[in-house]
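Here is a short briefing on one protein chain. Please keep the sequence and the 3D view open while reading.

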Amino acid sequence: QVQLVESGGGLVQAGGSLRLSCPASGWTFSNYAMGWFRQAPGKEREFVAGISRNAANIYYTDSVKGRFTISRDNVKATVYLQMNSLKPEDTAIYYCAASLSISTGVVRTRSADYAYWGQGTQVTVSS
């Protein structure tokens, strides 16, 4: 059974940092492109960052470029999201997601491309 469990969220002041982790179990992690999405209250879920199976390609939404870093460890079957210089507008529930990919270098940015999702972790940034 595919499982994704996010952790690392919390309350932080503006300018602070958090590191989200999402270990996977029940499947071959290296066969999947991975992504992070977020959903703020009253808003649609949006793409934040994506990483290809081999970590050679990474893509960020414009609002987090230069502040967030996505990475993966295929041995530990875990994807990470390092978030620095956090802003109040980063407040949201953050989800990790997995997309089975034949290509090792593809990054997925659409939520519809991801078949498996974690339960989410709350990130709250105070001003």
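Contact here means heavy atoms within 4.5 Å. The model is predicted. The protein has 11 strands and 0 helices. Its 127 residues give a radius of gyration of 14 Å, in agreement with the value near 14 Å for a compact globule.

**Overall layout**
- Along the sequence, the pattern reads β-β-β-β-β-β-β-β-β-β-β.
- The C-alpha trace spans about 40 × 25 × 25 Å along its principal axes.
- Of the 127 residues, 43% are buried.
- Take the contacts between residues at least 6 apart in sequence: 61% of them join residues at least 24 apart.
- The accessible surface is about 6,300 Å², and carbon and sulfur atoms hold 47% of that area.

- Strands of a sheet pair through backbone hydrogen bonds, in a parallel or antiparallel sense.
- β7 pairs with β8 (residues 78-83) in the antiparallel sense, over 6 bridges.
- Asp73 has Thr78 of β8 as its bridge partner.

**The nonpolar core**
- In soluble globular proteins, nonpolar side chains tend to be buried together.
- The largest nonpolar core holds 30 residues.
- Met34, Trp36, Val79, Leu81, Met83 and Tyr94 touch the most other members of this core.
- Two or more core residues come from each of β3 (18-25), β4 (32-39), β5 (46-51), β7, β8, β9 (92-100) and β11 (121-126).

**Tyr94 and its contacts**
- Which residues does Tyr94 contact, leaving aside its neighbours within four places in sequence?
- The list includes Leu20, Trp36, Phe37, Val48, Phe68, Leu81, Met83 and Val123.
- Glu6, Arg38, Gly120 and Thr121 are also in contact with Tyr94.
- Among these partners, Trp36, Leu81 and Met83 are named with Tyr94 as the core residues that touch the most other members.

**The disulfide**
- A disulfide is a covalent bond between the sulfur atoms of two cysteines.
- The whole structure contains 1 disulfide.
- This disulfide joins Cys22 to Cys96, with an S to S distance of 1.8 Å.
- Cys22 lies in β3 and Cys96 in β9, so the pair ties together parts 74 residues apart in sequence.
- Are the two cysteines buried or exposed?
- Cys22 counts as buried because its relative accessibility is 0%, under the 20% cut-off.
- Cys96 is buried too, with a relative accessible area of 0%.

Conventions. Residues are numbered from 1 along each chain as its sequence is written. This is a predicted model: local features need pLDDT of at least 70, side-chain atom pairs count only at pLDDT 80 or more; totals for chains, interfaces and linings use all residues. Side-chain values use heavy atoms; hydrogens and water are left out. Two strands pair if DSSP finds at least two bridges between them. Helices (H or I, at least four residues) and strands (E, at least two) are DSSP runs, numbered from the N terminus. A nonpolar core is a set of buried Ala, Val, Leu, Ile, Met, Phe, Trp, Tyr and Cys residues joined through side-chain atoms within 4.5 Å. Buried means under 20% relative accessible area, exposed over 50%, partly exposed in between (1.4 Å probe, protein chains only). A disulfide is a pair of cysteine sulfur atoms within 2.5 Å. The radius of gyration is taken over C-alpha atoms; the globule rule is 2.2 Å times the number of residues to the power 0.38. Accessible areas come from the Shrake-Rupley method with a 1.4 Å probe; for residues, only the protein chains shown count as cover.
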